[in-house]
Amino acid sequence: MRIWMFNHYAVTPDLPGGTRHFDFAKELVKRGHEVTIFASSFHYSLLKETETYSVRKFKFKTYDGVNFVWIKSFPYRKNNWRRVFNMLSYSYLSWKVAKSLHKKKPDVVLGSTVHPFAALAASIVAKRYKVPFVFEIRDLWPQTLIDMGVWRKNSLTSLLFRKVEEKTVKACQAIVVLSPMTKNYIKENYKGKKAYYIPNGVDLRRFDIDMRVYGNPTIDFLSQRKREGKFLVAFTGALVKSNNLEQLVEIANRLREIPDIQLVLIGRGQERKSLVSQIKKGDLKNIKILDPVRKAEVPHLLKIVDALLLVQGKVFWGSMNKLFDYLSAGKPVVASVYADHNNPIERINAGITVPPGDLEALSLAIFKLYNMSKREREEMGMRGKEYVRRYHSIPVLVDKFEGMLCDLVRQGRL
């Protein structure tokens, strides 16, 4: 099959961020398919352009057999109108480039959120080429933003985005969801639409290789603290409002009397400046914010630390990508999330789960892991890694994904 994927935020392993579509595509290429990913080269976390352009606003590149079409989208620094223009510019330009590639007509097109305009553009491309369209929902807009209190349910913005969602769902032949709760949402709101549950996963080969990274300031800092005997507890990911990271500053304040415990937040985002200010104001030496590393370096980073933090605000939908990276590293996880249906940690005994917003329980969970023997923590970590190997490794997930695409293409040719 010739498969086209539209994901504004898709990245390759040489950049920070989630590599779901690259990992899926690489596995599909191994199985004989041709995959092209349409992505923005303006990085959503680094907030900078990662490609250089001359006249054209797009560029073709290939990584490990996976084709990328990089789109030059509108730059932004804050979560304001410029970011909206960034979304719209990607969606318009990706559609414009895709419709010009008529000599390489796709067999099937996938459009993925976070924001819905990318998927809407993909649906128009699929209609142009008269091929099946798959709508992948990683985040529900507007529902997620309504849940978080960012938008009102009946506001003009919410109603507009609901219409975009309805139009995209109507256009698709299949829906891929990353959480069981989203599958229920589709069942309740869109009768007759088939939803396939294909969550996030991990390329475990990255974690099985004994990789060493030198000269990276983030990894060098962690290695130095490890040599000093610190108990390292890390959060990795975007420093954004939805991750509710202010609570980790308070946790550091509560644990400041235990100098061996070092919290680290590894990432960038719009909340970084505010978090740095809070840490400085509290004169907290036991919490540090570090720059993100390339996806390929994440396994080595996670192996250095002793425990990992999974925290979020009122986010109920989607699949927590970092959770499976955490578990793959063989380290215990402390989880404080609202999306209990997406959290297997308690069930498989791979860490400790606490109620979201309960700072006392979160502090005590970190302290409990600190007081555990190294062997107990290793056993927790190994249970997590085995769970990923059985249910969330890329080949396992692509088996299901490939089967769905093949069925759609066969039906589309009848």
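How many bridges join strand 11 to strand 12, and in which sense do the two run? I started my notebook with that one.

**Entry 1: ground rules**

I am working on a predicted model, where local features need pLDDT of at least 70, side-chain atom pairs count only at pLDDT 80 or more, and totals for chains, interfaces and linings use all residues. Residues are numbered from 1 along each chain as its sequence is written, and side-chain values use heavy atoms, with hydrogens and water left out.

**Entry 2**

I found six bridges between strand 11 (residues 231–236) and strand 12 (residues 261–266), and the two run parallel. For my own reference, strands (E, at least two residues) and helices (H or I, at least four) are DSSP runs numbered from the N terminus, and two strands pair if DSSP finds at least two bridges between them.

Stepping back, I saw an open sheet of six strands in the order 13-12-11-14-15-16, with parallel pairing. Strand 13 (287–290) and strand 16 (351–353) are the edges, each pairing on one side only. From one strand to the next the twist averages 20°; axes here are lines fitted to C-alpha atoms, for helices over the stretch in contact, and angles run from 0 to 180 degrees between N-to-C directions.

Then I asked which helix packs on this sheet. Helix 9 (residues 246–254) does, touching strands 11, 12 and 13 along with strand 14 (307–311) and strand 15 (333–336). Touching, or contact, means heavy atoms within 4.5 Å. The direction of helix 9 makes about 165° with that of strand 12.

I picked S363 in helix 14 (residues 359–371). S363 is buried at 6% relative accessibility; the scale is buried under 20% relative accessible area, exposed over 50%, and partly exposed in between (1.4 Å probe, protein chains only). Leaving out residues up to four places away in sequence, S363 touches I251, R254 and L255. The S363 side chain also reaches the backbone oxygen of L359 at 2.9 Å. That is a polar contact: a pair of N or O atoms within 3.5 Å, where within protein one must be able to donate a hydrogen and the other to accept it, and residues adjacent in sequence count only if both atoms are side-chain atoms.

Is strand 9 (residues 174–177) covered on both faces or open on one? Covered on both: A174 and V176 on one side, and I175 and V177 on the other, are all buried. A reminder to myself: in a regular strand the side chains alternate between the two faces of the sheet.

Strand 9 pairs in the parallel sense with strand 8 (residues 133–137) over four bridges, and F135 has I175 as its bridge partner. Three bridges join strand 9 to strand 10 (residues 195–197), also running parallel, with V176 opposite Y196. I also noted that strand 9, helix 6 (residues 180–189) and strand 10 make a right-handed β-α-β unit. Right-handed means that, with the strands pointing away from the viewer, the path from the first strand over the helix to the second runs clockwise.

**Entry 2: charged pairs**

I got 27 salt bridges for the structure, each a side-chain nitrogen of Lys or Arg within 4 Å of a carboxyl oxygen of Asp or Glu. I opened three of them.

- K61 and E51 meet at 3.2 Å, N to O. K61 lies in strand 5 (residues 58–63) and E51 in the loop between strand 4 (48–49) and strand 5, so the pair ties together parts ten residues apart in sequence. K61 is partly exposed at 34%, while E51 is buried at 11%.
- E136 and R138 meet at 3.9 Å, N to O, and both are buried.
- D291 and R268 meet at 3.4 Å, N to O. D291 sits in the loop between strand 13 and helix 11 (298–304), and R268 in the loop between strand 12 and helix 10 (272–281), 23 residues apart. D291 is partly exposed at 31%, and so is R268 at 27%.

**Entry 3: helix 1**

Why do I call helix 1 (residues 20–30) largely enclosed by the rest of the structure? Because eight of its eleven residues are buried, among them F22, F24 and L28. Just after helix 1, G32 takes a positive phi of about 100°.
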